[in-house]
Amino acid sequence: MDAAEKEISVITPRSEVFAFRQSASGKVAAFRGDNENRCAALLSLDGAELGKSRKMLLLHLVDVAGSRQKFADSQCFQLESWGTLPLLLKRSKMEVTLKLPGVKVEALRMDGTVSGVVKTEYRDGVLRFQTDTAGVTGGVMAYLLTK
């Protein structure tokens, strides 16, 4: 944890989770952002360690707010109104690098259904791709990774 930078990393054999602004990395995953707050997580769904897992979930979490949500000040410390539907998802992109060969990456809609395959590049033992919360109509914050 780095309180001054407002960052935290949690690394286990089956998960790597980060809250950060610019970049974060673990044993398997590395993320580069655009200096906005975000949480990125790589999670094994089959109980295997990340390097051996055949099914994983990647999360790219950012601010979500109700339409017309209202705060008492510009720092958003005191909520005055939750707002209404539809929910608004902050636009955010993130560069992802994973030390995982042979992985298919699919973007998931907010209801968990697959919206499409994400373009990836595998070079020098590293899988590279970009996440984009505005990359799918309705937003995307989750990706299914399978071998």
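Tutor: Two strands are said to pair if DSSP finds at least two bridges between them, and strands (E, at least two residues) are DSSP runs, numbered from the N terminus. This is a predicted model, in which local features need pLDDT of at least 70 and side-chain atom pairs count only at pLDDT 80 or more, while totals for chains, interfaces and linings use all residues. Residues are numbered from 1 along each chain as its sequence is written, and side-chain values use heavy atoms, with hydrogens and water left out.

Student: How many bridges join strand S4 to strand S11?

Tutor: Strand S4 covers residues 29-32 and strand S11 covers residues 93-98, and the two run antiparallel. The number of bridges that join S4 to S11 is four.

Student: What is the order of the strands in the open sheet of five strands?

Tutor: The pairing in this open sheet is antiparallel. Its edge strands, each of which pairs on one side only, are S3 (23-25) and S14 (121-123). Neighbouring strands are turned by 20° against each other on average, direction ignored, where axes are lines fitted to C-alpha atoms and angles run from 0 to 180 degrees between N-to-C directions. The order is S3-S4-S11-S15-S14.

Student: Which residue of S6 is the bridge partner of Leu43?

Tutor: Strand S5 (residues 38-44) is mostly covered, since five of its seven residues are buried, a word that means under 20% relative accessible area, with exposed over 50% and partly exposed in between (1.4 Å probe, protein chains only). Six bridges join strand S2 (residues 15-20) to S5 in an antiparallel arrangement, and there Phe20 has Arg38 of S5 as its bridge partner. Six bridges also join S5 to the antiparallel strand S6 (residues 55-61). In S6, the partner of Leu43 is Leu57.

Student: What is the relative accessible area of Arg68?

Tutor: Most residues other than glycine have a negative phi, and most peptide bonds are trans. Arg68, in the loop between strand S7 (64-67) and strand S8 (70-71), has a positive phi near 65°, and Asn35, in the loop between S4 and S5, likewise has a positive phi of about 65°. Asn35 counts as partly exposed at 39% relative accessibility. Arg68 is exposed, and its relative accessible area is 74%.

Student: Which peptide bond is cis, with omega near 5°?

Tutor: The bond in question ends at a proline, Pro86, which lies in strand S10 (residues 84-89). The cis peptide bond is the one from Leu85 to Pro86.
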